[in-house]
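Subject: Structure handover

Hello,

Here is the structure I promised to pass on. Please open it next to this email, and then read on for what was found in it.

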Amino acid sequence: MIDPNLPLQEIAQDAARKFQERYGRPPRWIVAAPGRVNLIGEHTDYNDGFVFPMAIERYTVIAADRPRPGAPDQVTWHCARTNQSAAFPLSRPVPKGEPKHWTNYIRGVFAGFQARGVDSLAFDALMLSTVPLGGGLSSSAALEISTATLIETASGQKIDPVEKALLGQKAEHDYAGMPCGIMDQFISALGRKDHLLLLDCRSRKPELVPMSDPGVAILIVNTNVKHELVGGEYAQRRRQCEEAARLLGVPALRDATADALEAKKSKMDETVYRRARHVIGENERTIHAAHGVRASNWTTVGQLMYASHLSLKDDYEVSCAELDAVVEIAHGIGIDGGVYGCRMTGGGFGGCCVALVDSARIDPLAARIAAEYKQKTQVKPTLFVSRPAAGATVVKG
Ligand code: GLA
């Protein structure tokens, strides 16, 4: 029932084997970067607010070498999961691929290194990923940060991890056309084993919060649905938040209070008001949840997760029937049944829910959630468990 996580070393060995088969020599470098799950703090990052994610034990691994002598000055990339290959020239700047093409994340990172004056970027590469695609677990950030780690390792020009996260975010904005915040790239670059990361997205100062209580586990429920609204709706939410901040006379919603919002309510569009109410409440919940994790107060953390989901569903309107179904099932099982809390995680409109559960009861819980979800939606979910994992790593360098 629970989908196992392959250990990083195994994925790396597999990637090396596949690289050898494809390119006829062993890889010179192997690097990896994880996906993430956000415990709480959703749609707050682009409002200069707080997020509380962890890296997961799901990785994008890249095995690479320089092209053979005399080969064209280009990047050749093979994706072993989808069995797709692509190549792009290293003109300045690297040309964009077709809209929505998977190489855009990679191209954008190469362009970011070019802009920093890093040359000799030609590679033969093969990637292998265990981060679910389109599941809201940041497969794109894992790709950006692993690509950046490859370039750093091969060029010997290390960059500060915060700069690396920003470079990945810029690639996503400029090449993939997704105006994302900083959370996903940040946690993929800076995650730490057995820690959640409380990030103040304004100061970009991370605080590592240990999460090693063996009594609780993070269960990730992939609804296996993705509604194709994501890009446009996301950009619209950003604009609504900016408008709310402007009406409230603050630089970002991070600076607004619930009282100030109520005082301006009659002068605001009702939708913009609700968007702002979500962000202001979510920032508070995130800070409280971090206190809860520090104190191992799982009941409180769980309640905050349910409150977050409700706010994302009703005020921010980024949930969907399938995500709501998972949260209802989890709530129905309740603390007595071993579930502390559950909410949608990531951008929304499909993808995954994150649940905080009693680790001793994980197997029957997963079986029950999967069965009830299938019955409600006719869709088979995928469930897995993850401890907080380390961020980007060089496996062979
Ligand atoms: C996506 C974005 C993040 C963040 C979340 C919502 O994952 O990439 O920057 O805004 O949505 O919290």
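A search of the whole structure finds 28 salt bridges. Keep in mind that this is a predicted model. Side chains of opposite charge can pair when their charged atoms come close. Three of these pairs are described below.

Start with Glu-152 and Lys-164. Their side chains meet in a salt bridge, with N to O at 2.7 Å. Glu-152 sits in helix H3 (residues 139-155) and Lys-164 in helix H4 (residues 161-174), so the pair ties together parts that are 12 residues apart in sequence. Are the two partners buried or exposed? Glu-152 has a relative accessible area of 2%, so it is buried. Lys-164 is at 6% relative accessibility and therefore also counts as buried. The cut-off for buried is under 20%.

Next, look at Asp-255 and Arg-202. Their closest N and O atoms are 2.7 Å apart, and the two form a salt bridge. Asp-255 belongs to the loop between H6 and H7, while Arg-202 belongs to the loop between strand S6 (195-200) and strand S7 (205-210), so this pair ties together parts that are 53 residues apart in sequence. Asp-255 is partly exposed, with a relative accessible area of 30%. Arg-202 is partly exposed as well, at 34%.

Glu-42 leads us to the ligand. Which residues surround the ligand? The list is Arg-36, Glu-42, His-43, Asp-45, Tyr-46, Cys-180, Gly-181, Met-183, Asp-184, Tyr-234, Gly-346 and Gly-347. By type, this shell divides into four nonpolar, four polar and four charged residues.

- Glu-42: a polar side-chain atom lies 2.6 Å from a ligand oxygen.
- His-43: a polar backbone atom is 2.7 Å from a ligand oxygen.
- Tyr-234: a polar side-chain atom lies 2.6 Å from a ligand oxygen.

How much of the ligand does the protein bury? Taken alone, the ligand exposes 300 Å², and the protein buries 95% of that.

Ala-256 is at 10% relative accessibility, so it counts as buried. Leaving aside neighbours within four places in sequence, Ala-256 is in contact with Leu-248, Val-250 and Ile-280. Cys-241 is 15 residues from Ala-256 along the chain, and their C-alpha atoms are separated by 11 Å.

Ser-129 is another buried residue, at 13% relative accessibility. Ser-129 lies in strand S5 (residues 123-129). The side chain of Ser-129 reaches the backbone nitrogen of Val-131 at 3.2 Å. Leaving aside neighbours within four places in sequence, Ser-129 is in contact with Tyr-59, Thr-60 and Arg-81.

Last, the backbone. Most residues other than glycine have a negative phi, and most peptide bonds are trans. Here are some places to check against that.

A cis peptide bond joins Arg-92 and Pro-93, with omega at about -10°. Pro-93 is found in the loop between strand S4 (84-89) and helix H2 (103-115).

Lys-100 is in that loop between S4 and H2 too. Lys-100 is not a glycine, although its phi is positive, at about 70°. At 76% relative accessibility, Lys-100 counts as exposed.

Asp-48 also has a positive phi without being a glycine, at about 65°. Asp-48 is placed in the loop between strand S1 (29-40) and strand S2 (50-65). With 24% relative accessibility, Asp-48 counts as partly exposed.

Best wishes

Technical notes
Residues are numbered from 1 along each chain as its sequence is written. This is a predicted model: local features need pLDDT of at least 70, side-chain atom pairs count only at pLDDT 80 or more; totals for chains, interfaces and linings use all residues. Side-chain values use heavy atoms; hydrogens and water are left out. Buried means under 20% relative accessible area, exposed over 50%, partly exposed in between (1.4 Å probe, protein chains only). Contact means heavy atoms within 4.5 Å. A residue is near a molecule or strand if one of its heavy atoms lies within 4 Å of it. A polar contact is a pair of N or O atoms within 3.5 Å; within protein, one must be able to donate a hydrogen and the other to accept it, and residues adjacent in sequence count only if both atoms are side-chain atoms. Accessible areas come from the Shrake-Rupley method with a 1.4 Å probe; for residues, only the protein chains shown count as cover. Ala, Val, Leu, Ile, Met, Phe, Trp, Tyr, Cys and Pro count as nonpolar, Asp, Glu, Lys and Arg as charged, and the others, Gly among them, as polar. A salt bridge is a side-chain nitrogen of Lys or Arg within 4 Å of a carboxyl oxygen of Asp or Glu. Helices (H or I, at least four residues) and strands (E, at least two) are DSSP runs, numbered from the N terminus.
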